[in-house]
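The sequence and the model are shown first.

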Amino acid sequence: MLVWFLFINAVAYLVMSDDKRRARQRRERVPEKTLFLLAALGGALGILVAMNTKRHKTKHFSFRVGIPLLLLFNAVLYGYFLI
């Protein structure tokens, strides 16, 4: 479970960081649906950290509210499966 947690959050952080880089270069972007899927699969912490460190998607209401809710959902699931 710890390996999955580290892996999915690292992937989520890297994908979010890559999307920020693509935005700056005006290239094809990562769909928001993909970012939310990564968060729902357990990578909400990685997405949230990237949001704040890269200042990416912080003005989008869906991300400001949705990602913290998914982080709470992730915490409940991780807690359930670890007990």
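The text below treats the overall fold, the salt bridges and one lysine in turn.

This is a predicted model, in which local features need pLDDT of at least 70 and side-chain atom pairs count only at pLDDT 80 or more, whereas totals for chains, interfaces and linings use all residues. Residues are numbered from 1 along each chain as its sequence is written, and side-chain values use heavy atoms, with hydrogens and water left out.

**Overall form**

The protein contains three helices and zero strands, in the order α-α-α from the N terminus; helices (H or I, at least four residues) and strands (E, at least two) are DSSP runs. The C-alpha trace spans about 45 × 25 × 20 Å along its principal axes.

Buried residues account for 31% of the 83 residues, where buried means under 20% relative accessible area, exposed over 50%, and partly exposed in between (1.4 Å probe, protein chains only). Of the contacts between residues at least 6 apart in sequence, 71% join residues at least 24 apart; a contact requires heavy atoms within 4.5 Å.

**Salt bridges**

The count of salt bridges is four, each defined by a side-chain nitrogen of Lys or Arg within 4 Å of a carboxyl oxygen of Asp or Glu. Among them are the following.

| Pair | N to O distance |
|---|---|
| Asp18 and Arg21 | 2.2 Å |
| Asp18 and Arg22 | 2.8 Å |
| Asp19 and Arg29 | 2.9 Å |

Asp19 belongs to helix α1 and Arg29 to the loop between α1 and α2, so this pair ties together parts that are 10 residues apart in sequence. Asp19 is buried, at 0% relative accessibility, whereas Arg29 is partly exposed at 35%. Shared partners join Asp18, Arg21 and Arg22 into one network. Within helix α1 (residues 2–24), Asp18 and Arg21 are three residues apart, about one helical turn, and Arg22 lies four residues from Asp18, also about one turn. Asp18 is partly exposed at 21% relative accessibility, as are Arg21 at 37% and Arg22 at 22%.

**Lys57**

Lys57 is placed in the loop between α2 (32–54) and α3 (61–82). Its relative accessibility of 10% makes Lys57 buried. Beyond its neighbours within four places in sequence, Lys57 contacts Met16, Asp19, Arg29, Glu32, Leu35, Met51 and Phe63. Asp19 and Arg29, both in that list, are also salt-bridge partners.
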